[in-house]
Amino acid sequence: ASARERIEDDGGHRLDLQLHHADARLHPAPPVAAPVVGGQLVAHAFCRPVLSATVGFVAVAVGDSRAVDVRSESQVDAAFDDLESSGFAVDLLVNDAAIQREAALADQTVEDFHVVVDTNLLGTFLCSRAALRGMRQRRSGVIINMSSVLGLTGDSLLPIYSATKHAILGLTKSTAVAYAEEGIRCVAICP
C-alpha cells in the first residue's frame, strides 16, 4: 500500500488569508505562519493543495505579495531579504508549514520521507535562518516553531511526521541556546 497525504483542515485546495497588526486588540488572532512585520499591518496565507508537497506562505506587506515554497532556499532567502531591504523588520517568525503522509513505516517510500522532512524540518530551518539575519542585527526577535505532541511521543501511522516534530524540538532548543545572549528567543509549541 502506498502512503497518502492527509491535510487536517481541508479536503481540497485552500487559501487562508489573515490580517494581523502589532496591536493585538485590533486583530486578536495570532499569526499562523510567515513573518510578522513589526508595527505594520501584514497579511499572510497558506496554500495547501491536497496530494501536493507544496506548502508555503504568502507574505503581504504594503501591497507586495509572493508565494514562497518553504523547501526552497533561494525563495525563502529572497522573500526575507526583500522584506528587510524594504524597511520591514521581521520581529516574529512562526514556523507552521507542515505536511504528513499517513502509513506505517514499512509502507512509506523514500519520496514520502523527503517530502515530509523537506517541508516540515528543512522549511523550519530555512525560514529560521533567514529571519535570524535581521534579528541578529537588531539583537531582538522571537521564533516560534510548531512541533506537535507527536514530537514528544509517536504515532504508528505517522512515523516520518513524528520524526520531524522531534527534530524541530532539537532545532528549537539549539537555536534558543545559541542566540539567547543576542536577545533572540526561540520556543516551540506542541499542540
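Buried means under 20% relative accessible area, exposed means over 50%, and partly exposed is whatever falls in between. Keep that in mind for Arg 139: its relative accessibility is 48%, so Arg 139 counts as partly exposed.

Figure 1. What you're looking at is a predicted model, with three helices and ten strands in the protein chain. Walking from the N terminus, the elements go β-β-β-β-β-β-α-β-β-α-β-α-β. The chain has 191 residues, and 45% of them count as buried. Take the contacts between residues at least 6 apart in sequence: 63% of these join residues at least 24 apart.

Figure 2. Mean pLDDT for the protein chain comes out at 73, with 65% of the residues reaching 70 or more. Among the elements, helix α3 (residues 159-179) has the highest mean pLDDT, at 98. Strand β1 (residues 4-5) sits at the other end with the lowest, 29. Over residues 1-63, pLDDT stays under 50. The model still has 156 contacts beyond four places in sequence for that stretch.

**Figure 3. Helix α1 alongside helix α2.** Here the axes of α1 (residues 73-85) and α2 come within 8 Å, crossing at roughly 25 degrees. An angle under 35 degrees counts as roughly parallel, so that is what α1 is to α2. Their crossing is right-handed. On the α1 side, the contact is made by Glu 73, Val 76, Asp 77, Phe 80, Asp 81 and Glu 84. The α2 side brings in Leu 126, Cys 127, Arg 129, Ala 130, Ala 131, Arg 133, Gly 134 and Arg 138.

**Figure 4. Helix α2 alongside helix α3.** The axes of α2 and α3 come within 9 Å and cross at roughly 15 degrees. That angle makes α2 roughly parallel to α3. Again you'll see a right-handed crossing as α2 passes α3. Residues of α2 making the contact include Phe 113, Val 116, Val 117, Leu 121, Phe 125 and Leu 132. Among their counterparts in α3 are Ile 160, Tyr 161, Ala 167, Ile 168, Leu 171 and Tyr 179.

**Figure 5. Val 94 and Asn 95 in strand β7.** Val 94 lies in strand β7, and so does Asn 95, in a strand that covers residues 90-95. Val 94 has a relative accessible area of 5%, so Val 94 is buried. Asn 95 counts as buried too, because its relative accessibility is 6%. The side chain of Asn 95 has a polar partner: a 2.9 Å polar contact joins it to the side chain of Ser 128. Setting aside neighbours within four places in sequence, Asn 95 is in contact with Gly 123, Thr 124, Cys 127 and Ser 128, and also with Ile 143, Ile 144, Asn 145 and Met 146. Cys 127 turns up for Val 94 as well: the two are 33 residues apart along the chain, with their C-alpha atoms separated by 9.1 Å.

**Figure 6. The loop between α2 and β9, with Arg 139.** Arg 139 sits in the loop between α2 and β9 (141-146). Have a look at its backbone: phi of Arg 139 is near 55 degrees, a positive value in a residue other than glycine. Gln 137, by contrast, has its place in helix α2 (residues 110-138). With 69% relative accessibility, Gln 137 counts as exposed.

**Figure 7. Glu 182 and the residues around it.** Glu 182 lies in the loop between α3 and β10 (184-189). Its relative accessible area is 15%, so Glu 182 is buried. A polar contact of 2.9 Å links the side chains of Glu 182 and Arg 136. Apart from neighbours within four places in sequence, Glu 182 is in contact with Arg 136, Arg 139 and Ser 140. Glu 182 and Gln 137 are 9.0 Å apart in space and 45 residues apart in sequence. For Glu 182 and Gly 141, the figures are 9.2 Å in space and 41 residues in sequence.

Methods:
Residues are numbered from 1 along each chain as its sequence is written. This is a predicted model: local features need pLDDT of at least 70, side-chain atom pairs count only at pLDDT 80 or more; totals for chains, interfaces and linings use all residues. Side-chain values use heavy atoms; hydrogens and water are left out. Helices (H or I, at least four residues) and strands (E, at least two) are DSSP runs, numbered from the N terminus. Buried means under 20% relative accessible area, exposed over 50%, partly exposed in between (1.4 Å probe, protein chains only). A polar contact is a pair of N or O atoms within 3.5 Å; within protein, one must be able to donate a hydrogen and the other to accept it, and residues adjacent in sequence count only if both atoms are side-chain atoms. Contact means heavy atoms within 4.5 Å. pLDDT is the predictor's confidence in each residue, from 0 to 100. Axes are lines fitted to C-alpha atoms, for helices over the stretch in contact, and angles run from 0 to 180 degrees between N-to-C directions. Angles under 35 degrees count as roughly parallel, over 145 as roughly antiparallel, 65 to 115 as roughly perpendicular and the rest as oblique. A crossing is left-handed if the near helix is turned anticlockwise from the far one by less than a right angle, and right-handed if clockwise.
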